[in-house]
Amino acid sequence: MSVSEVALAGEQTSNGRGAEFRRGLAASTPVLLGIIPYALVLGAQAAQKGLSVVEVPLMTGLNFAGGSEFAAIQLWTSPPHVLLIAAITLLVNSRHFLMGAALAPFIKHLPKRKVFPALFLMCDESWAVGLADAQRRAAAGMRPAFSLAFYLGAGLPFYFAWVAFTTCGAALGPVLGDVETYGFAMAFPAVFLVLLRGMWRGLAAARPWLVSLAVAALTYLVVPGAWYVAAGALSGLVAAWFLAGDK
């Protein structure tokens with residue numbers, strides 16, 4: 001292969017990755033707009049608990065898991081109960097075990113130096129968008145089914161928007177007061193309903209989700225704390241295992 005042919009092949013690969021990145025950005029934009037309101041809510045709540053405009057982006061940028069951050073802020077005291085907050089964060093984020101297991105068949109061909117940064121960007125929204133795209137590509141016979149460039153196009157904007165708007169919420173919180181009075185908190189369940197609708201494949205495929213929902217709801221009613229998150233994730237994983245071959 002000549003030097004010019006090598007250069008052309010590299011340009012085509014670069015253009016292909018750029019197109020996949022833009023496709024991921026376009027696919028994630030509707031959901032991306034939906035996370036802005038509850039990012040503002042989290043930032044404002046954090047400021048009301050005494051966190052500074054510098055500390056909020058450190059928390060959201062290093063943890064990058066909205067559910068556990070809301071839980072941590074609700075438990076925040078001065079001085080903070082670090083072990084309690086760490087334990088609740090682990091419980092709330094335990095659903096990532098299930099999410100990672102769902103992605104594993106699609107990313108096993110990637111080297112670890114690419115997998116680990118990609119998994120750092122895995123939040124509920126980027127996971128749902130990336131998994132749905134990989135499933136569509138697999139159904140169409142495309143190999144590899146998982147497009148890393150698409151996933152980065154979806155995941156990176158979520159990350160930067162989350163950090164930026166939680167910081168804005170922290171800065172504006174003292175001015176706005178209780179931002180929940182504006183109805184911003186409704187954005188959180190609305191986004192998840194949109195994700196659920198986009199991943200709906202019929203009642204049979206949703207049975208593990210329904211098991212997870214039922215177990216989580218029951219645990220929430222009878223067990224104090226955030227144990228319902230871990231119970232829901234583990235029961236969904238077990239249900240998916242037993243129902244995998246049941247059509």
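## About the model

Residues are numbered from 1 along each chain as its sequence is written, and side-chain values use heavy atoms, with hydrogens and water left out. Because the model is predicted, local features need pLDDT of at least 70 and side-chain atom pairs count only at pLDDT 80 or more, while totals for chains, interfaces and linings use all residues.

## Two helices side by side

Let's start with helix H3 (residues 66-75) and helix H4 (residues 82-92). Helices here are DSSP runs of H or I with at least four residues, numbered from the N terminus. The two pack at an angle of about 155°, with their axes 9 Å apart; axes are lines fitted to C-alpha atoms over the stretch in contact, and angles run from 0 to 180 degrees between N-to-C directions. H3 and H4 are therefore roughly antiparallel, the word for angles over 145 degrees.

Which residues of H3 meet H4? They are Gly67, Ser68, Ala71, Ala72 and Leu75, and their partners in H4 are Leu84, Ile85, Ile88, Thr89 and Val92. Contact means heavy atoms within 4.5 Å.

## A closer look at Ala71

Ala71 lies in H3 and is buried, with a relative accessible area of 18% (buried means under 20%, exposed over 50%, partly exposed in between, using a 1.4 Å probe and protein chains only). Leaving aside neighbours within four places in sequence, Ala71 is in contact with Ile88 and Val92.

## Cysteines

Cys123 is buried at 8% relative accessibility, whereas Cys168 is partly exposed at 34%. The disulfide count is 0, where a disulfide is a pair of cysteine sulfur atoms within 2.5 Å.

Conventions. Parallel < 35°, antiparallel > 145°, perpendicular 65-115°, else oblique.
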